[in-house]
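Subject: Handover of a structure, with notes

Dear colleague,

I am passing on the structure below, and I would be grateful if you could read the notes that follow with the coordinates open beside them.

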Number of protein chains: 2
Amino acid sequence: MRTYFDCAQCFVRQALDAARLLTDDEAIHEKVLRKVLSESSEMDFYKSPPVMGQRIHRLIRELLGNDDPYRQIKDRSNRLAMKLYPELKKKIEQSSDLLETAVRFAIAGNIIDLGVNSQLDESIIYKTIEDSMKSALFPNTINDFRNAVDQATDILYLGDNAGEIVFDRLLIEQLPYEKVTFVVRGSPVINDATLVDARFAGITDIVEVIDNGSDAPGTILEDCSPAFCARFEKADLIIAKGQGNYESLSDIKKNILFVLMAKCPVIARDIGCDVGSFVLKIGLPGIAEEVNNRKYAETT
Amino acid sequence: MRTYFDCAQCFVRQALDAARLLTDDEAIHEKVLRKVLSESSEMDFYKSPPVMGQRIHRLIRELLGNDDPYRQIKDRSNRLAMKLYPELKKKIEQSSDLLETAVRFAIAGNIIDLGVNSQLDESIIYKTIEDSMKSALFPNTINDFRNAVDQATDILYLGDNAGEIVFDRLLIEQLPYEKVTFVVRGSPVINDATLVDARFAGITDIVEVIDNGSDAPGTILEDCSPAFCARFEKADLIIAKGQGNYESLSDIKKNILFVLMAKCPVIARDIGCDVGSFVLKIGLPGIAEEVNNRKYAETT
């Protein structure tokens, strides 16, 4: 997805929100703000929004002299999600469609996104979990997801945020997980999950976990390590979680299942859904295309 | 009022909204956006927000090659307000406190602000007029307003937007208008009222109308004409209408009655009220200070 003109005001807001969340020092707020305005004035709108997100958060870490300023916030999200884990696991096991319930919870977990909401209330997470059971999936169905997974032999599951990855674990547990490799960011950016979070969430106990070698809040392939890119190339299905992964991969020709909550109006418009939608979108072409074609053939 | 860090994202949004409202040419949208981001990155936060507003709209006019791109929109607002005028006039005359009703309608008219709302629905205007009869005035009362006006001998009424000035006329008609001079902007900026709007609203038939010599969306004294500044100096009461006049004059030591609807969170915080408040705020010191002191003495 390209960077839309509307994203500019959001970069400014996000940068200021992040600076304020991490320090009371107004001189740092001002430096971050001026720098983001100046860099945004020269941005390449054909690149995806995580390119600017990466710059903003590199700058914030540099000004704070802190490699991982969201560490405590990530720990809190992880602990909260792990506290919810047993109950959610039980709900999945008692449901009539285990995979569908797990997918819905995984999308609900995508609300733990400090790029979008600088303050996240626990009650919003509970509310979103509740909503996830009632909302329609857009635009694809759980059967499209099931078919794509069934046909794949090598699945790369691209994680998104700390806390949220506990919800991803619930979904991985419903997948044929011998086929699955889980991916975290190469190093800290906002509250995105890194290896330490995957360990805390117990994902390392279930599947292989690799990192993508990048500190972008998404998967910018040209910024990822050659090792990751080789795995990405080899995989026959990508499950891409969250807005950052959608923004950076939506134009890549590859079998990708985008699994996210559409929290921003620009992404919602790009997908063609309302803000707040529970999105399960199959990228084209390949297996996903076959799935879509078959579905089309069945209904016509 | 200084420019708060939060104003930056709003400059970006406003500039893009304005460019989109006035042209479908995406190349112009991009130029406006880049320039506003770049200028904002170097802005002096100790100056008031209308300083940047002035720059943004000079740029837009220049890129469009149009000295008054909001002319049609202003005409529409004027016509709509004139259509409402007879009914509002009747409501004022039938009310138990003519001045208070006129002040409330004048504040309601401040909703016609294209700096804040790039699209303005007629239904919002009707709703605001209705609300104006029920909402409390913040923080001063109509008696403070009445006393300040009674004691003044030379009142400068600083207008704000086209359309809105029809509502100002309703208030001027309830003032001792031999004391009143009405002020419009020196030349077009956004939908702010200029001489042509004051004529259309019939204000020129009631009181003397002068312009301030500036194209800022507010009253930046150092940017106004010497003639206006002399009148400003000489006046013993200023009635300053709208957010732009508040932003640019709130720190000026002069008897000023600020009359506005607080439509933005930054201004609401500066005033100490909620967004949507009907504000009647007396500046200090002077007559207004005496009014406040007397009120304090009466209540203690």
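**A buried valine and its surroundings**

B:V32 counts as buried because its relative accessibility is 0%, where buried means under 20% relative accessible area, exposed over 50% and partly exposed in between, with a 1.4 Å probe and protein chains only. Please bear in mind that this is a predicted model, in which local features need pLDDT of at least 70 and side-chain atom pairs count only at pLDDT 80 or more, whereas totals for chains, interfaces and linings use all residues. Residues are numbered from 1 along each chain as its sequence is written, chains are lettered from A and ligands numbered from 1 in the order in which they are written, and side-chain values use heavy atoms, with hydrogens and water left out.

B:V32 belongs to helix α2 of chain B; helices (H or I, at least four residues) and strands (E, at least two) are DSSP runs, numbered from the N terminus. Leaving aside residues up to four places away in sequence, B:V32 touches B:A15, B:A19, B:L59, B:I60 and B:L63, contact meaning heavy atoms within 4.5 Å.

**Aromatic pairs**

Over all chains, a search of the whole structure finds eight aromatic pairs; rings of Phe, Tyr and Trp (its six-membered ring) pair if their centres lie within 6.5 Å, and planes under 30 degrees apart count as stacked, over 60 as edge-to-face and the rest as tilted. The pair of B:F5 and B:F45 is edge-to-face, because the ring centres are 4.9 Å apart and the planes stand at 75 degrees. Since B:F5 lies in the segment before α1 (7-22) of chain B and B:F45 in the loop between α2 (26-40) and α3 (49-64) of chain B, this pair ties together parts that are 40 residues apart in sequence. Both B:F5 and B:F45 are buried.

B:F228 and B:F232 form a tilted aromatic pair, with 5.9 Å from centre to centre and 45 degrees between the planes. These two residues are four residues apart in helix α10 (residues 226-234) of chain B, and are therefore separated by about one helical turn. B:F228 is buried at 1% relative accessibility, and B:F232 is buried with a relative accessible area of 4%.

**Packing of two helices**

In chain B, the axes of helix α5 (residues 98-109) and helix α8 (residues 164-172) come within 8 Å and cross at roughly 170 degrees; axes are lines fitted to C-alpha atoms, for helices over the stretch in contact, and angles run from 0 to 180 degrees between N-to-C directions. α5(B) and α8(B) are therefore roughly antiparallel to each other, a term for angles over 145 degrees, while those under 35 count as roughly parallel, 65 to 115 as roughly perpendicular and the rest as oblique. B:L99, B:A102, B:V103, B:F105, B:A106 and B:G109 of α5(B) make the contact with B:E164, B:F167, B:D168, B:L170 and B:L171 of α8(B).

**Backbone details**

The peptide bond from B:F138 to B:P139 is cis, with omega near -10 degrees, and B:P139 lies in strand β1 (residues 137-139) of chain B. B:I190, although not a glycine, has a positive phi near 45 degrees; B:I190 sits in the loop between β3 (180-184) and α9 (195-200) of chain B and is buried at 8% relative accessibility.
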